[in-house]
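Please keep the sequence and the 3D view at hand while reading.

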Amino acid sequence: MSTFAGAALIVLGLLFFLSGTVGLLRFPDVFTRLHALSKADTLALGLICAGLALHSDAGAVQLKLLLIWLLVIVSGATCSSLIARAALAHGIRPWQR
Amino acid sequence: MSLPATATLVVILVTLPLAAATLLFASGRQPRTLTLAAALLLTFAALALGGNVYLEGVSVHAIGGWAAPLGIHWQVTPAGTVMLVATALVGLAGAVYGAGYFLHRPGPDGRMARVFMPLWLFAWGGLNALFVAADLFNLYVALEVLTLASVALVALSARRMALQAAMRYLLAGLFGSVIYLLGVALLYGQYGVLDFATLTAMLDPEDPGSRAGAVALTVGLLIKAAIFPLHFWLPGAHGRAEPPVSAMLSGLVVAAAFYLLLRLWFGPLAEMLSFGVGVLFGALGAGALFWGGMLALLQRRLKMLVAYSTVSQFGFAMLVFPLAGGDHRGTVFVGGTLLLANHALAKAALFLAAGTLVRASGSDRIGTLVGFAGRAHWAWLAVILASAALIGMPPTLGFSAKWLLLQAAVADGAWVWLGVMLGGTLLTFAYLGRLLELALLDPAPGPSPPPPLTAALLLPALLLALLACLAGLWAMDVEAIARLESGT
Amino acid sequence: MSLPPGTLFLLAAALLFAIGAHGLVTCRHLLRKVLALNVTTTGVFLLLVTLGRSGTGVDPVPHAMVLTGIVVALSTTAVALGLIVRLERRQP
Amino acid sequence: MPAVEMLFDALLLLCMVVLAWQGVHARNMFRAVVSFMMFGLLTAVAWVRLEAPDIALAEASLGAGLTGVLLLATLGRLAPERRRPRPRQAMTLTVLPWLALGLAGTWVLLAVTLALPAPGLGEAVFAAMPEAGVDSPVTAVLLNFRAWDTLLEIAVMLLAVIGLWSLGQDVLASPSTLPAPSLPALVRLLFPLFLLSTFYLLWRGGHGPGGAFPAGALLAAGLVLALLAGARVPRRMTGAPMRWALGAGLLTFLIVAVGVMGYGEAFFAYPPEHASLLIAVVEIAAGLSIGVMLTALFLGGEPTDSRSERR
């Protein structure tokens, strides 16, 4: 049962990765692309970690997966804000319709 | 008097330079007495090792006590010991010369004076590690130590030309290393061993994979040894570096790569050295001899002339390979080794003396050098002696080495290579003769106050040149040659 | 599938070596040459490990060799980059 | 091999080749560097596929991570690439790449025929493992069977630092104003974690993937991140303390290698009863030194009192 749920979570995560990548490729400027990428990917990774955790019985492995997700959240958020601010500092104006 | 055990001496030779270099760097000070003491100790260790090997012959040492294919091995051979002794002599001479040279030219905020000795010792340690190694991968790491130390030494001279030369040297050296490593990978994939002894026993000369490996090893080393037409990086790097650096690079670092070629083709790869391969190597050698010699004749700057002469002299060394096919392999191998040793001593002497002359004249241009006057005549004396050794006049070491090769060539009836050797010798005479002619000119009006030529700037070159000349007497001893041959 | 296990990796290793060697010779910018050199080195490392693997079980010796090689490559790259910056700075 | 794995490998290697090409030839230099960094990361994945987790760790941290940081730092110091006229020797040089390609092609053919079950040294290593003093075969090779290679390799690294310093470059300037205030906060949060993982990897090296090089790389990553976030080399760490820290790894290694001769053993022959301890000592000293050396490579010049004052 948990195997099935894990697989479902992983597939869901992959879908979010896919949508994030589509956003990266299709969105018009650096800010919107960041927006798509950071949010979708963080969620996707969380889903995949959760799915993998369901596949594993060992508590240590599950803890490591959680740690991985938390670290990626923190560093991803920092990186995104760094990129966005650097882009602003370089005079890139946010895209407007 | 009993000498320390060979194993102890080898350990001293390979670890002391690294330890001393690290200590000098970390402490940030240059206690001149201590560095010279270390250099002297290394020289004594090399000489003692020479004595041991002369008495006992080849010895093999397993590092860490791990048996053949698993661990790394040191193989102390007579030929390797000759190179170790030559390294020690040039190392000591260069250390003394460098101490005197950088005293008056310390570079920005004393950087050159501060960094020279650690880098010099690292290069020395790399050379020692290389001459005793008998393991394909260990040799790769030793080569990298040597390359990096050499590049840093070239870059010491902060002039733009020197930095460009250092960059080109680094790229060429690293590319050579990568190709060498490719050869190591191919051979390891085939035989699963790295040490020379096992590899020699297992190697199948007909196997295409092994051939590809041998080609890669050789091409990598040909780049590193600056054999024509892969010599493009050498003249700049050797000609633009500071004089003691040029001495080590030209005398030893190039020779180390070439010595490895000798080791491989007279060791594990010996059965692949067919007639065709020998002719190919010989053709490269002849090309180097004449191309390098012609360019040396055309140079306008003293150090560039000496640098091109290195390209040309390694052409001689390449002639060893076509001659090895005959019945006199042992003689030819000894001849090649002695040629390298002679070149190391004489070329180092030539570069050191050239550095002194350039400093005394204030310029590198051949037309403006000071003549045979004042204290500069000691430097000229060194130039004359070193030239005699390079040309191969009796009784120098160069003569002994070429004599051995000539004997082999005559015995095998290899008239073509004989002709190439004689032609090359004439060419060497021609371009070095250009220098000797200058010595006899009237002293040119030098720059206003000629800088002092201290003993540290004059003696090392002179002694090295003298040694190159006198060692020939020893090398004429049939007994000595026979013992040297025992290593092949 | 009839291909022996390491074939793809060997192919990639050869291609990387060729790309690197080609780039090293044809590129003019020094930084590109350094990058090309690193690509070449990676190709050789891949070859080394793949060839070492085709034996019985995993052979740790090529692994150790490649670890050593990676550190050496990083060190030499750092020196090369330092030289490039130095050369650039002295340009008029 | 299952077709799925084959497909994955093919895709991975294809991406690597494309990225390698981009990394050398991309129009824009920044793009080239970023492609090269991605190439490094994918190479790490390839190492995992080849069952070489030790190499994967080193590749991800050193080959992709620190090399990438070095490249970017260099890029920041360089003027943009100028399109120069072709140099004179271009004619002779265009022949060589084809030569290289031909060589590579033959190599492929040979390599495929070569891929016979070669003996390798695996069996010899596993036979000697009981006496190695550690449980991880790769660590045993690195620090025992072929420790002399590793010692020389640390010498190469120290040499790189000395060579870099002798070029007399300025220390890489840390950015005066940070674009984001969150970076220092992140570094404060992560730095203890970096230290913790460094020691974890050092400890783990004895029986699994890990050891001195990944640990040193991780330490360096933490230090470099701190420097990027605006930290400076503390003044009391410049000069002699830093130089001794740089040299400590090589010196410890040498002392141990020669010191065991006091037991009447050969060079580098750890006495079996002390092997674990001695290897651990070497590993820790080397790991910490490697961390400092990598950081020094990133800084690019010798940090001195006066210079840090000026900044």
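In which helix of chain B is the place of B:Gly285? B:Gly285 has its place in helix α11 (residues 275-298) of chain B, where helices (H or I, at least four residues) and strands (E, at least two) are DSSP runs, numbered from the N terminus.

Before going on, note that this is a predicted model, in which local features need pLDDT of at least 70 and side-chain atom pairs count only at pLDDT 80 or more, while totals for chains, interfaces and linings use all residues. Residues are numbered from 1 along each chain as its sequence is written, and chains are lettered from A and ligands numbered from 1 in the order in which they are written.

**Around B:Gly285**

B:Gly285 is buried, with 26 other C-beta atoms within 10 Å; a residue is called buried if 20 or more other C-beta atoms lie within 10 Å of its own, exposed if 12 or fewer, and partly exposed in between, with C-beta atoms placed from the backbone. Leaving aside residues up to four places away in sequence, B:Gly285 touches B:Gly315, B:Phe316, B:Met318 and B:Leu319, where two residues are in contact if their C-beta atoms, placed from the backbone, lie within 7 Å. From B:Gly285 to B:Leu49 there are 236 residues in sequence and 32 Å in space, taken C-alpha to C-alpha.

**Chain B as a whole**

Chain B holds 19 helices and 2 strands. Its radius of gyration, which is taken over C-alpha atoms, is 21 Å, close to the 23 Å that the globule rule gives for 488 residues, so chain B is as compact as a globular protein of that length; the globule rule is 2.2 Å times the number of residues to the power 0.38. Along the principal axes, the C-alpha atoms of chain B fill a box of roughly 65 × 55 × 50 Å.

Helix α16 (residues 397-412) of chain B has 16 residues, which at 1.5 Å a residue should span 22 Å, and its end C-alpha atoms are 23 Å apart, which agrees; the expected span is 1.5 Å times one less than the number of residues in the helix. Among the buried residues of α16(B) are B:Phe399, B:Lys402 and B:Leu405, and the buried residues of this helix pack against α13 (320-323), α14 (329-361), α15 (376-391), α17 (415-439) and α18 (455-475) of chain B. Just after α16(B), B:Gly413 takes a positive phi of about 70 degrees.

**Chains B and D side by side**

Chain D comes to 12 helices and 0 strands.

**Contacts between chains**

The contact between chain D and chain C takes 74 residues from chain D and 66 residues from chain C. On the side of chain D that touches chain C, α1(D) gives the most, with 12 residues. That side has 52 nonpolar, 12 polar and 10 charged residues, where Ala, Val, Leu, Ile, Met, Phe, Trp, Tyr, Cys and Pro count as nonpolar, Asp, Glu, Lys and Arg as charged, and the others, Gly among them, as polar. Elsewhere, 8 residues of chain A are in contact with 6 residues of chain D, and the side of chain A that touches chain D divides into 4 nonpolar, 3 polar and 1 charged.

**The nonpolar cores**

A nonpolar core is a set of buried Ala, Val, Leu, Ile, Met, Phe, Trp, Tyr and Cys residues joined through C-beta atoms within 7 Å. The largest one has 360 residues, and those with the most contacts inside it include B:Ala166, B:Leu345 and B:Ala465. Helix α6 (residues 160-191) of chain B provides the largest share of this core, 22 residues, and at least three residues come from each of domain 1 (1-77) and domain 2 (132-311) of chain D. Apart from this core lies another, of 9 residues, among them A:Ala40, A:Leu47, A:Ala53 and A:Leu54.

Note on methods. Domains from an automatic or database assignment.
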